[in-house]
Amino acid sequence: MASADLTRLYKLHLIDVGILEIKKKAVSLEAGKRHQAELEALTAQFKKVEAAFHQIHGEQKDIELSNQQIDDKVKSIDNLLFGGSIKNSKEIESYEAQKKSLAKQKSGNEDRLLEVWDKVSVAESAFKAEKKTLDERTKAFEEWKAKATIFKGQLESKYKELMTLRPNAAKGIDPTLIAKYEATKQQHHGIGVALVTKQQTCEECGTKVSDKSIESIKDDRIVNCEECHRILYWTGGIV
Ligand SMILES: [Zn+2]
């Protein structure tokens, strides 16, 4: 069995592993920045498509309005012509010429309108598709943010809890051992202690722990894994 000092160190190590896990999990919250950037890019794209749709749709409305105005003008000319008040042939000719010009203008409008309708239809489909994507992604991001806020809160409270426990857990451990542990931890991605498994291997790297090492542990000596150099903790084969 491990010495009381090592047992205390092992408990401290478990707290540190917990803290390390929290830090790793907190990294996943960084994804929020990526989501945000993606959403901003989508919004910019949507605005482009929306502007294109409004532009072509606006042109359609303008042409329709122009046609309406032409119809009104033709109607008022007809009223004049058929009202019987205009007798002068030159004046009649002038009105007829106006009507002809208006008809030509309307014909041009109709041609353009055919092209515009196609474009409006395409632009409207693109606008609707982009809006749907943006709405879905916005909703998903809002949901993610809500969950992330809860998760962040949980991580923070667990972190606080472990950080409160840590000083007490470190109390009473030989300062030399603590210093060794801290140095090992720093060199090995935050994990300074490794459990010796039932199969007598290092739990962290899987290297076989020699009988000689086990004997040394039994003699309350600090033994490091030959491969990963972590401080070995032995439960006497219990776990
Ligand atoms: Zn190892």
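Tutor: In this predicted model, helix H2 covers residues 31-82 and helix H3 covers residues 89-170, and their axes come within 5 Å and cross at roughly 160°. That angle is over 145, which makes H2 roughly antiparallel to H3. The crossing in which H2 passes H3 is left-handed. Sorted by class, the residues in the contact of H2 with H3 are 27 nonpolar, 13 polar and 12 charged.

Two values have been used here, an angle and a distance. Two packed helices are described by the angle between their axes and by the distance between those axes. The pair H1 and H3 can be treated in that way too. The axes of H1 and H3 lie 9 Å apart, and the packing angle is about 155°. H1 and H3 are therefore roughly antiparallel to each other. H1, too, passes H3 in a left-handed crossing.

For this pair the residues can be named. From H1 come Lys11, Leu12, Ile15, Gly18, Ile19, Ile22, Lys25 and Ala26, and they meet Leu155, Lys158, Tyr159, Leu162, Leu165, Arg166, Ala169 and Ala170 of H3. By class, this contact of H1 with H3 holds 11 nonpolar residues, 1 polar residue and 4 charged residues.

Methionine 163 belongs to helix H3. It has 13 other C-beta atoms within 10 Å, so methionine 163 is partly exposed. Its C-alpha atom is 9.9 Å from that of glycine 18, although 145 residues separate methionine 163 and glycine 18 in sequence.

Serine 28 is placed in helix H1. Serine 28 counts as exposed, because it has 11 C-beta neighbours inside 10 Å. From serine 28 to glutamine 45 the step in sequence is 17 residues, and their C-alpha atoms are 27 Å apart in space. Glutamate 30 sits in the loop between helix H1 (4-28) and H2. With 8 C-beta neighbours inside 10 Å, glutamate 30 is also classed as exposed. Glutamate 30 and alanine 148 are 118 residues apart in sequence, yet the distance between their C-alpha atoms is 10.0 Å.

Now for the chain as a whole. Its secondary structure amounts to 5 helices and 2 strands. Read from the N terminus, the order of elements is α-α-α-α-β-α-β. The radius of gyration is 41 Å, well over the 18 Å that the globule rule gives for 239 residues, so the chain is more spread out than a compact globule. The C-alpha trace spans about 130 × 35 × 25 Å along its principal axes. Of the 239 residues, 11% count as buried. Among contacts between residues at least 6 apart in sequence, 70% join residues that are at least 24 apart.

Cysteine 202 lies in the loop between strand E1 (193-195) and helix H5 (211-218). It has 22 other C-beta atoms within 10 Å, so cysteine 202 is buried. Apart from its neighbours within four places in sequence, cysteine 202 is in contact with Ala194, Val196, Thr207, Val209, Cys225, Glu227, Cys228, Arg230 and Leu232.

Most residues other than glycine have a negative phi. Aspartate 220, however, has a positive phi near 65°, and the phi of histidine 229 is likewise positive, near 65°.

To return to the part you asked about: H2 is roughly antiparallel to H3, and H1 and H3 are roughly antiparallel to each other.

Note on methods
Residues are numbered from 1 along each chain as its sequence is written. This is a predicted model: local features need pLDDT of at least 70, side-chain atom pairs count only at pLDDT 80 or more; totals for chains, interfaces and linings use all residues. Axes are lines fitted to C-alpha atoms, for helices over the stretch in contact, and angles run from 0 to 180 degrees between N-to-C directions. Helices (H or I, at least four residues) and strands (E, at least two) are DSSP runs, numbered from the N terminus. Angles under 35 degrees count as roughly parallel, over 145 as roughly antiparallel, 65 to 115 as roughly perpendicular and the rest as oblique. A crossing is left-handed if the near helix is turned anticlockwise from the far one by less than a right angle, and right-handed if clockwise. Ala, Val, Leu, Ile, Met, Phe, Trp, Tyr, Cys and Pro count as nonpolar, Asp, Glu, Lys and Arg as charged, and the others, Gly among them, as polar. The radius of gyration is taken over C-alpha atoms; the globule rule is 2.2 Å times the number of residues to the power 0.38. A residue is buried if 20 or more other C-beta atoms lie within 10 Å of its own, exposed if 12 or fewer, and partly exposed in between; C-beta atoms are placed from the backbone. Two residues are in contact if their C-beta atoms, placed from the backbone, lie within 7 Å.
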